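These notebook entries record what I looked up in the structure shown below.

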Amino acid sequence: MSESVRLVCPAGRKYVELWGGYALVALGAVVAVSGSGHWASIVLGALLVLGGAAAAFDGHRIKAPVLEVSEDEFRYERGSYVVRVPFNEIGSYYVLPGRIRSLGLCDHTGRPKRFPSLKSRRTSRTYLPLTGMTNPAKVESFMAVAGIPPRKRSLTA
């Protein structure tokens, strides 16, 4: 592989908070201006603007997981949490189903690789969390382009 392959997982909560926050800011401005100078409408508009600004700020802080495979390494990045695995140590992968999907990597013998935990907890985990909106078919096509086989096929071969 001569260039890197990259997949950014969609973060639905990020978009909901951004658009909801911007809508509350606009609604607050409209309520404050069209309230004909009454103190209750001005206070309500200011509260809506403050709530919308807080939601939009929180939406901007959410980091979506990024998967990237280059010539010599697999990289998972979610905010400040970065996992780098040499490409030649990956034998296969599997996608855990559920509300929040996760990606597991296996070595050449089929054993799951262990990763340090998120948020500095003491335990380690055998998977990398993605988002609930991540389509498993997109992850499968990304891994196929990267040249990493699914776990089912690598164990029988």
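**Strand pairing**

I began with Val-95 and found that its bridge partner in β6 is Leu-103. The model is predicted, so I took local features only at pLDDT of at least 70 and side-chain atom pairs at pLDDT 80 or more, while totals for chains, interfaces and linings use all residues. Residues are numbered from 1 along each chain as its sequence is written, and side-chain values use heavy atoms, without hydrogens and water.

I then noted that β5 and β6 run antiparallel and are joined by five bridges; strands pair if DSSP finds at least two bridges between them. Strands here are DSSP runs (E, at least two residues), numbered from the N terminus. I read the open sheet as three strands in the order β5-β6-β9, with antiparallel pairing. β5 (92-96) and β9 (128-129) each have a single partner strand, so one side of each lacks a neighbour in the sheet.

**Lys-113**

I located Lys-113 in the loop between β6 (102-106) and β7 (115-116). I recorded Lys-113 as buried, at 18% relative accessibility (buried means under 20% relative accessible area, with a 1.4 Å probe and protein chains only). Beyond its neighbours within four places in sequence, Lys-113 contacts residues including Glu-89, Asp-107 and Arg-125 (contact means heavy atoms within 4.5 Å).

**Aromatic rings**

I searched the whole structure and found one aromatic pair. Tyr-76 is buried at 0% relative accessible area, and Tyr-81 is buried at 14%.

Conventions: Rings of Phe, Tyr and Trp (its six-membered ring) pair if their centres lie within 6.5 Å; planes under 30 degrees apart count as stacked, over 60 as edge-to-face and the rest as tilted. Buried means under 20% relative accessible area, exposed over 50%, partly exposed in between (1.4 Å probe, protein chains only). Helices (H or I, at least four residues) and strands (E, at least two) are DSSP runs, numbered from the N terminus.
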